[in-house]
Amino acid sequence: MIKAVFQLEPFTCPSCISKIESSLSKKAGVESVKVYFNLGKIKMQFDEGKTSAGSIKETLNRLGYMVLSSKVSKVKE
């Protein structure tokens, strides 16, 4: 399992939260997604065998959000 934090540009409307969470939640292997509106961050966990950080960044770009930075690490078991 992978833990990731994506830093995006500041969000402009609260509807961004549901748009991002619903889109990323539908991706295969995504365990959890939490959008922090005031911070412009997305924290999530996913199965690296089913999706990748690169694929998630592509999805965010297609939705119209630019990823400024990301931190990706394995979840300690």
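How many salt bridges does the count come to by this rule? The count comes to one salt bridge, defined as a side-chain nitrogen of Lys or Arg within 4 Å of a carboxyl oxygen of Asp or Glu. The model is predicted: local features need pLDDT of at least 70, side-chain atom pairs count only at pLDDT 80 or more, and totals for chains, interfaces and linings use all residues. Residues are numbered from 1 along each chain as its sequence is written, and side-chain values use heavy atoms, with hydrogens and water left out.

**View 1. The salt bridge between Glu 48 and Lys 74.** The closest N and O atoms of this pair are 2.5 Å apart. Glu 48 sits in the loop between strand 3 and helix 2, and Lys 74 in strand 4, so the pair ties together parts 26 residues apart in sequence. Helices (H or I, at least four residues) and strands (E, at least two) are DSSP runs, numbered from the N terminus. Glu 48 is partly exposed, at 45% relative accessible area. Lys 74 is exposed, at 55%. Here buried means under 20% relative accessible area, exposed over 50%, and partly exposed in between (1.4 Å probe, protein chains only). Side chains of opposite charge can pair when their charged atoms come close.

**View 2. A surface patch of positive charge.** Lys 3, Lys 43, Lys 71 and Lys 76 gather here. Patch residues have over 30% relative accessible area and no salt bridge; like charges are joined within 9 Å, nonpolar side chains (Val, Leu, Ile, Met, Phe, Trp, Tyr) within 5 Å. Lys and Arg count as positive, Asp and Glu as negative; His and the chain ends are not counted. The place of a charge is NZ of Lys, CZ of Arg, CG of Asp or CD of Glu. Areas come from the Shrake-Rupley method with a 1.4 Å probe; for residues, only the protein chains shown count as cover. Lys 71 belongs to strand 4 (residues 67-74). Its relative accessibility is 65%, so Lys 71 counts as exposed.

**View 3. Lys 43 in strand 3.** Lys 43 is partly exposed, with a relative accessible area of 40%. Beyond neighbours within four places in sequence, Lys 43 is in contact (heavy atoms within 4.5 Å) with Ala 4, Val 5, Ser 32, Val 33, Lys 34 and Tyr 36. Ser 55 lies 12 residues from Lys 43 along the chain, and their C-alpha atoms are separated by 15 Å.

**View 4. Thr 51 in the loop between strand 3 (41-46) and helix 2 (53-63).** Thr 51 has 8% relative accessibility, so it counts as buried. Leaving out neighbours within four places in sequence, its contacts are Lys 27, Ala 28, Val 30, Phe 46 and Ile 56.

**View 5. Val 75 in the segment after strand 4.** At 25% relative accessibility, Val 75 is partly exposed. Residues up to four places away in sequence aside, Val 75 touches Met 1, Ile 2, Lys 3 and Gln 45. Val 75 and Gln 45 are 30 residues apart in sequence, with C-alpha atoms 8.4 Å apart.

**View 6. Thr 12 and Pro 14 in the loop between strand 1 and helix 1.** The loop runs between strand 1 (2-8) and helix 1 (15-25). Thr 12 is exposed at 73% relative accessibility. Pro 14 is exposed too, at 58%. Phe 37 is 25 residues from Thr 12 in sequence and 8.7 Å away, C-alpha to C-alpha. From Pro 14 to Phe 37 the sequence separation is 23 residues, and the C-alpha distance is 7.0 Å.
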